[in-house]
Amino acid sequence: VMGAGAGLFMAASTRIVTERTLFAMPEVQIGLVPDAGAMHFLNELCEPAVAMYAAVTGARLNARDALGQRLGTHFVRSADAQALLSALQY
């Protein structure tokens, strides 16, 4: 989940991450500032030092980091993702 996709992801009340999840604001690496929505959810959910670090460096957060900073709400193994999706469709 990166850049603008992070804004869409954070709009959901249920945010599922897998062991493959990477969360980042890569636009800062080319000199762009994260948008107001990203600044809002980083400041609302993350520890202040982590919010600042992610917003300034564009560092990638893994699934454990995302859950620990409340960016993700649930963890599902990627091997089980399709089964979860099928169960939710019925």
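This note goes through the confidence, core, helices, aromatic pair, salt bridge and backbone of a predicted model.

1. Confidence. The mean pLDDT of the protein chain is 91, and 100% of the residues reach at least 70. Among the elements of the chain, the lowest mean, 87, belongs to α1, and the highest, 97, to strand β4 (residues 74-75).

2. Nonpolar core. The largest nonpolar core is made of 17 residues. M10, F23, M25, F41, L42 and L71 have the most contacts inside this core. Four helices each contribute at least two of the core residues: α1 (4-10), α2 (36-45), α3 (48-57) and α4 (63-68). In soluble globular proteins, nonpolar side chains tend to be buried together.

3. Surroundings of L71. Leaving aside residues up to four places away in sequence, L71 is in contact with F9, M10, R15, F23, F41, L45, C46, L61 and A66. Two residues of this list, F23 and F41, return in the point on the aromatic pair.

4. Helix α2. A38, F41 and L42 are the buried residues of α2. The arc they cover around the axis is only 100°, so they sit on the same side of α2. The face turned away from that buried side carries A36, H40, N43 and E44, which are exposed. As for partners, the buried residues of α2 pack against α1, β2 and α3. An α-helix has 3.6 residues a turn, so residues three or four places apart point the same way.

5. Helix α3. Here the buried residues are A51, A54 and A55. Their arc around the axis is only 95°, which places them on the same side of α3. A49, M52, Y53 and V56 are exposed on the other side of α3. The buried residues of α3 pack against α2. After α3 comes G58, with a positive phi near 75°.

6. Aromatic pair. Which rings form the one aromatic pair of the structure? They are those of F23 and F41; the centres are 6.1 Å apart and the planes stand at 75°, so the arrangement is edge-to-face. F23 belongs to strand β2 (residues 22-23) and F41 to helix α2, so the pair ties together parts that are 18 residues apart in sequence. F23 and F41 are both buried, and both are among the core residues with the most contacts inside the core.

7. Salt bridge. A search of the whole structure returns one salt bridge. The side chains of R77 and D80 form this salt bridge, with an N to O distance of 3.1 Å. In general, side chains of opposite charge can pair when their charged atoms come close.

8. Backbone at R70. Where does R70 lie? R70 is in the loop between α4 and β4. The phi of R70 is positive, about 65°, although R70 is not a glycine. Most residues other than glycine have a negative phi. With a relative accessible area of 46%, R70 is partly exposed.

Terms used:
Residues numbered from 1 in each chain as written. Predicted model: local features only at pLDDT ≥ 70, side-chain atom pairs only at ≥ 80, totals over all residues. Heavy atoms only, no water. Core = buried A, V, L, I, M, F, W, Y, C linked by side-chain atoms within 4.5 Å. Buried < 20%, exposed > 50% of the residue type's maximum accessible area, 1.4 Å probe, protein only. Contact = heavy atoms within 4.5 Å. pLDDT = per-residue confidence, 0-100. Phe/Tyr/Trp six-rings, centres within 6.5 Å; stacked < 30°, edge-to-face > 60°. Salt bridge = Lys/Arg side-chain N within 4 Å of Asp/Glu carboxyl O. Arc of directions from axis to C-beta.
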